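Hello,

The structure we discussed is below. My notes on the ligand site and the backbone follow it.

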Amino acid sequence: MELINGSTKLLGILGFPVEHSFSPVMHNQALRYLGLDYIYLPLAVAEENLSQAIEGMKAMGFKGANVTIPHKEKIIPFLKGLSPEAQAIGAVNTLVREGEGFWGDNTDGKGFLRALAVEKGWLPEKKIVTILGAGGGARAIAVTLALRGVKMINIVNRTLSRGGKIAQRIIKETETEVFVYDYQEKNLADILRASHLVVNTTPLGMFPHTDSLAPLDYNAFKPGQLVVDIIYNPAKTRFLREAEKRGAEIMNGIGMLLYQGVLSFQSWTGEEAPVNIMKEVLEKNCEGKGGCDFA
Ligand code: NAP
């Protein structure tokens, strides 16, 4: 099949900037591997042009897209509707064509959970989870975990009010108990010790600032816990190394990145995504950048 022909269907990533995204290479290789007649394009659209871009994508018959920073929230008014996850998170990372318009989904939290299930056999029901950070990544993960039945979520963040906003969403949408702390909290070590899963969603430790670390008592980590960093560069952050030293099981952020893409791919094409091909592409793209292999 020619790479592009008269009936090739259009997909893309809408953001600003998008040059550094792994998604075009990952999705195009997966599409070629399965012989599907789609092309996935980088769509760098400045904020002030978002509404025209959406109208253009509708007019040109785009079948779907990913949405990234800074459009994940601002795109919502232009959509026909939202999945329960996108609604509860209040942000969209995937558009799927329906008739003349698009509906919005959020596969970030679902991708995180899928990675935990596939790589670690970890299931959310009745678990206690502590999340460091309260930004976009934390919100997607916390809300999705709550929708999937975790018992309790502790959010630890430098700015308490930002954690409080996520807590309000969770309380409104789910039965999960949620508590918000800052790093000065006296009982933080006990809170960490009692957690089945601890997730770092801050950028502390990300390349090139690989020595940075959230201010915690790392002796609270122990065998039997799962400790995840959603950073994937470097593959093993200082945070993960500290947890591993204390016997905890660890996982980095490449699985979340991979499976958010896998879930979007499946929504657009209706086909089972070639996970190993997509994983290979991500690993290759990380070469020479501190590494992204699975920890
Ligand atoms: P974000 O919205 O900017 O949120 C960052 C969070 O980290 C905020 O809560 C912020 O606290 C906290 N933070 C930042 N610097 C800090 C510091 N010096 N000390 C303590 N807390 C600090 O960012 P994001 O979009 O959630 O992304 C966060 C990280 O996750 C990035 O490294 C990103 O690459 C990674 N990520 C990975 C994936 C994946 O697929 N693996 C997906 C999304 C994000 P305040 O609220 O106090 O400012």
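Predicted model: local features only at pLDDT ≥ 70, side-chain atom pairs only at ≥ 80, totals over all residues.

Residues are numbered from 1 along each chain as its sequence is written, and side-chain values use heavy atoms, with hydrogens and water left out.

Ligand site. There are 20 residues around the ligand, and A134, G137, N157, T159 and G253 come nearest. By class, the shell holds nine nonpolar, nine polar and two charged residues; Ala, Val, Leu, Ile, Met, Phe, Trp, Tyr, Cys and Pro count as nonpolar, Asp, Glu, Lys and Arg as charged, and the others, Gly among them, as polar. At least two shell residues come from each of α5 (136–147) and α9 (254–269); helices (H or I, at least four residues) and strands (E, at least two) are DSSP runs numbered from the N terminus.

A polar backbone atom of A134 is 2.8 Å from an oxygen atom of the ligand. A nitrogen atom of the ligand lies 2.9 Å from a backbone N or O atom of G253.

Backbone. Most peptide bonds are trans. F16 and P17 are joined by a cis peptide bond, with omega about 5 degrees, and P17 sits in the loop between β1 (9–15) and α1 (23–34). Another cis peptide bond joins N233 and P234, with omega about 10 degrees.

Regards

Methods
Near = heavy atom within 4 Å. Polar contact = N/O pair within 3.5 Å; in protein donor to acceptor, adjacent residues only side chain to side chain.
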